[in-house]
Amino acid sequence: MDYGDSLRFGTFVTPTAAQPQAAVQLARLSESLGFDLVTYQDHPYQPSFLDTWTLLSYAAAATERIHLAPNVLNLPLRPAPVTARAAASLDLLSGGRLDLGLGAGGFWDAIEAMGGRRLSPGQAVDALSEAIDIIRGIWAVGDRTVLRSDEYYTVNGAKRGPAPAHDIPIWIGAYKPRMLRLTGEKGDGWLPSLPYMKPGDLRAGNQRIDDAAADAGRDPAEIRRLLNITGSESLDDLTALALDEGVSTFIVMGDDPSALERFAGEIMAPMREAVAAERARRGVTAVDAVRPARAIALRRDGIAYDDLPESLRADAVEPGDSGYATAKSTYMRGGTPGLVLRPRTIDAVRDALAFARRHPELPLGIRSGGHGISGRSTNDGGIVIDLKHLNDIEVVDPEARRVRIGPGARWTDVAAALQPHGLALSSGDYGGVGVGGLATAGGVGFLAREHGLTIDHLVAADVLLADGTLAHATAEENPDLFWAVRGAGANVGIVVSFEFEADVVGDVGWAQLAFRVDDAAAFLEDFGRLTEESPRDTTLFLILSAGRPDEPASAQLYGVVDSSDPDTIIARLQPFADLAPLLGQQVQLLPYASVMANASDVAHDGQGEPSFRSGLVHHLDADTARAAAALATSGSAPWFQIRPVGGAVSDVAEDATAYAHRSANFSITSIGRSVRFDALWESLAEHFDGLYLSFESRTGEHIVEQAFPPATLAKLRAIKQRVDPDAVFRDNFGVHDATGAAAVS
């Protein structure tokens, strides 16, 4: 029986304490010789042995490529919940290189002496079965079911996580019938030792495992067959074990470097060739892994998973994968997509788009950084194309200030890459935002009043259209597409590369001011007046918060003065500092890259639906300020923010880009979900002239019509009809006319 698993080789090293570095040196040697795996036995009651888990961690730090595993972990002395977290932690630290061999334990007298529990053979199997469930349950970050205590392990109240870096396989070291059956039911691999087996044991064990797997609804090929060998076996014998007994991973026992070198040179390459040739003759295709039945069971209906192009398979994430918990949601919105595709090249993006087009009934999200407030880059049961790997940043021409950036780059990395050249791009207020989403919507940042929106610096874009065509868009080439990309890019295609003209920006004044606000309406009106009167080098954002009952409101101003002169910075800030009694202040002279170095690497884990709303106003006049203050101090709005636009933003003609509301001086954003909030928001909305989609989570035709004035929307729909007539890109505030009237000449 050949299960078709790819051939792998490993070493089985003694964790001797007499020469503690020897086991690590053998791991390095194994890696240099081309072995795939190094393993260590786990007998912590042996005074001459190092602790295996400590050794695994040390060896992981000393190597780069090779996988590591216990062979096998003595579970009675390694509580399952602790083992799960230790394994996930080491897998993360090693870059996904830990594999987990488990055993029910032996040497019970020694185990009892160390505080372990003596179990009958039947109890040992049950305890291992329960341990596997607990370990996998703790790795299943994002699963909302309760981890329950059972007979052998107490996990009431245990938290899930962290998630490992890859799907850690669980291999079971087993010989007895019940353990073999457990391997077939729950294991990812069988790991016996050839010297301890009689003729026929391997075949009989495989049969028991296969029968148990079939009874459990699993494909027996899910279970990799590993074998500890002495290394003295002949090439013919080992080849026969691979082709006739299903063994795909051979682990050489012994600590003799010359024996490992001889095995690597005389056995590994010839055996790979012999097995590959015979498999080709038999028509057997080698695979790295068969997707487990437990993962297949979590697939969503309506997605042709098995037809996924080869260019996308390695990085695709399904609901049953360990990485799903960190891929399914965005910063603000909880999602349960059926498939997340993570292409690494433009051709792979084209493949992903073609695959999505084969599923026209499913929602489609395009994600760059996943920070979008609307949360449209995730969905329920659909497909997400995540562009995180298209993250190159290249300063093409420092003199001309030309920069080429991939959509998956984050603005914190862009700022860091531009700083050595004395350049910067205005780009929101959080470095963790992806380039693609912000650079196709607008980009209201800390340099907006002086340098405009992010889209105002775009000089070229490579856009993958719905039909797979790659279009280069500039003011001269595909000018209508270039117009649409700057403000409505999510509607016309996937931008796979941006070219910007950056600004010369040195050190800046980074200001944070906190106020007690006794009269919120007056404070807002004065803030609006000062902002419009201030030189354009000053852009300060405002957050207004309700106080506790019988306490005044509070406000925070934070932002940038684009000057490296301390006197200029203080002069710009002083009028704002006089707005109300100061509760705190901090002003620093920093590189712009340091201002944007505020990104977190924690995976997004949004829950539910966001409740953001947006509006644009020309001025914070008395009536607008009163309506805004009423909302912000009502207690119904957990978040209320005003961002200045105006200045250089208004210098651009309203019909020059799809972002059309150029005359607005302020963008207002708030969160809320209550009857009271709705009423107060509607009162404030009477003063709006449009909205900014990046800060809006509501959907529907009325939202699109507020975001784009009639003439702009008509032009967008005409372009949409030409480049995306089937409305492939419809889930991110689609401008297509659902009634079929999209074609506007």
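**View A. Helix H6 and its buried residues in the predicted model.** In helix H6 (residues 177–186), the buried residues are Met179, Leu180, Leu182, Thr183, Gly184 and Lys186; buried means under 20% relative accessible area, with exposed over 50% and partly exposed in between, using a 1.4 Å probe and protein chains only. Their cover includes H5, S6, strand S7 (189–190), helix H7 (201–215) and helix H10 (293–296). Helices (H or I, at least four residues) and strands (E, at least two) are DSSP runs, numbered from the N terminus. This is a predicted model, where local features need pLDDT of at least 70, side-chain atom pairs count only at pLDDT 80 or more, and totals for chains, interfaces and linings use all residues. Residues are numbered from 1 along each chain as its sequence is written, and side-chain values use heavy atoms, leaving out hydrogens and water.

View B. Parallel pairing joins S4 to strand S5 (residues 100–103) over two bridges, and Asn74 sits opposite Gly103 in S5.

View C. Axes are lines fitted to C-alpha atoms, for helices over the stretch in contact, and angles run from 0 to 180 degrees between N-to-C directions.

**View D. Strand S2 beside strand S1.** Take a look at the side chains of S2: Leu37 and Thr39 point one way, Val38 and Tyr40 the other, and all are buried. Strand S1 (residues 8–13) pairs with S2 in the parallel sense over four bridges, with Gly10 opposite Leu37.

**View E. Helix H8 crossing helix H9.** The axes of helix H8 (residues 235–245) and helix H9 (residues 257–282) come within 10 Å and cross at roughly 40 degrees. That makes H8 oblique to H9, since angles under 35 degrees count as roughly parallel, over 145 as roughly antiparallel, 65 to 115 as roughly perpendicular and the rest as oblique. Residues in the contact include Leu238 and Ala242 of H8 and Ile267 and Met271 of H9.

Notes
Contact = heavy atoms within 4.5 Å. Pairing = 2+ DSSP bridges.
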